Amino acid sequence: MVDKNEFLTILAEITGEDEVKEDLDFPLYDSGVLDSLGTVQLLVEIEAQMGIQVPVSDFDRDEWATPNKMLEQLEQLK
Amino acid sequence: MSTPYGAPVYFLYLAVALIPIVVGLMFGKRLLWYQNLVTLYFLYLTFGGAHYKQGIALIIYVLWQVLLVGGYHRYRSKKNESSVYFMALLGALLPLVLYKLLPAFHVNPSMLGFLGISYLTFKAVQMVMEIRDGQIKTFSMRVYIQFLLFFPTISSGPIDRYRRFEKDFENVPEREEYVTLVDKAIFMIFLGFLYKFIIGYYLKTFGVNYFEGALLDNTSFWNLLMYMYSYSLYLFFDFAGYSLFAVGVSHLMGIKTPINFNKPFISPNIKEFWNRWHMSLSFWFRDFVFMRMVFFLMKKKVFKSRTTMSNVGYMSLFLLMGVWHGLTWYYIVYGLFHGIAICVNDAWIRYKKKHKNLPSNIFTKCLGIFITFNTVCVSFLIFSGVLDKLWHH
């Protein structure tokens, strides 16, 4: 299992929005909270802290649109 | 006839040729042999006859890319050395690089070049990168050739993604979905007529051409301004019109090629502009250049400050985009100009995060749109090359 709290802490730290911890359907890209740079930072932290490698190429924003969807994707990649 | 969608008769041929494909898809069947014949015919219209040299260049190019990508895929299923990856990347880029660089050494590269070479290169390079990342596990030479030679988008995009294309190509849409696609396609193609052949045509004739003449006669601020606006609008209507044709025809063939423009001139900032202008190109650069580069820089901790790193990333990205347009000073300056604009945009976003009490209302939004539109127009003025003409006048 992916450590949900660990992931949400990383996400909140990078986005600077605590709301992403409460509202797991928060639209990260549509709201402008995450951009390319934030995404890369997130991927680097996920790899360093959680040990899950996410390929950068063709990172599909629809599949990673919300905290919930991200958790789903990470679960698959683990 | 050479450029696709260039002349009315091209549309007539298209309409006739597409009927069996559309009927087939309505009944849940992709008539592959017939579709291949149509593809050959339309490729012949563009790359045959007087343009046969381009046709030969295209055949050699496709053979090269198929051997290269196929070979790399075979290798990658066993091993994964970085050096081989870089060789494969260079190999995929080589024809385009030679084609762009040879003129600087006074060698005529005509045997290498054909309409759309830069767009096909985007497709080949992404294959190598995705094979390296292990995202393309099964590689079919047949689908890859179809992907490269998909005639509706061959000359100027939109740039599709292999895995997305493969899914559409190997499946036939449900009838309900296909009817919606046809519906959208017809709307897009007619909107394309309006954009390219009516609005674009008038802007070109009575705007761009008129003010260019006026400007060369009399370099006044007014003429420059009017040239800038008419050229910028022309650029949009002409290219968006073309893109609507390309996406519309793809839809009729059951391939959901991504759209290229989404009301770019209402963007409230430059970052948003690049999410709405020539989208398939900017997303390609975002996914395959910018994110990879920043990922590397961040992991290796090359720069201490996040701001420096993103600025370096943006400047290199847009410089590369400028160079891609051509090795001419105004394309390169155009790239750098957009790089700087994005860095300024980013600095403003950081400032806004620190000062949360700044006003944000309909007026500031309109101001944002106004500033963005004019910044973009200035960049297109540089891009147009008219300043070069004025200089040498």
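## Charges over rings

Lys123(B) lies over the face of Phe147(B), at 4.8 Å from the ring centre, where a charge is taken to sit over a ring if NZ of Lys or CZ of Arg is within 6 Å of the ring centre and within 35 degrees of the ring normal. A further case involves Arg132(B), whose charged end is placed over the ring of Tyr85(B), 4.5 Å from its centre.

## Basis of the model

This is a predicted model, in which local features need pLDDT of at least 70 and side-chain atom pairs count only at pLDDT 80 or more, while totals for chains, interfaces and linings use all residues. Residues are numbered from 1 along each chain as its sequence is written, chains are lettered from A and ligands numbered from 1 in the order in which they are written, and side-chain values use heavy atoms, with hydrogens and water left out.

## Aromatic pairs

Over all chains, a search of the whole structure finds 63 aromatic pairs; rings of Phe, Tyr and Trp (its six-membered ring) pair if their centres lie within 6.5 Å, and planes under 30 degrees apart count as stacked, over 60 as edge-to-face and the rest as tilted. One of them joins Tyr5(B) to Phe11(B) in a tilted arrangement, with 5.9 Å centre to centre and 40 degrees between the planes. Tyr5(B) counts as buried because its relative accessibility is 0%, and Phe11(B) is likewise buried at 12% (buried means under 20% relative accessible area, exposed over 50%, partly exposed in between, with a 1.4 Å probe and protein chains only).

Phe239(B) and Tyr242(B) form a stacked pair, 6.1 Å centre to centre with 20 degrees between the planes. Both residues belong to helix H9 (residues 221-252) of chain B, where they are three residues apart, about one turn of the helix; helices (H or I, at least four residues) and strands (E, at least two) are DSSP runs, numbered from the N terminus. Phe239(B) is buried, at a relative accessible area of 18%, and Tyr242(B) is buried at 6%.

## The annotated serine

At Ser36(A), an unreviewed UniProt entry places the feature "modified residue: O-(pantetheine 4'-phosphoryl)serine". Ser36(A) is part of helix H3 (residues 36-50) of chain A and, with 11% relative accessibility, counts as buried. Apart from its neighbours within four places in sequence, Ser36(A) is in contact (heavy atoms within 4.5 Å) with Arg61(A), Arg286(B), Phe290(B) and Met291(B).

Terms used. UniProt positions are given in the numbering used here, feature names are shortened, and annotations may be inferred rather than shown by experiment.
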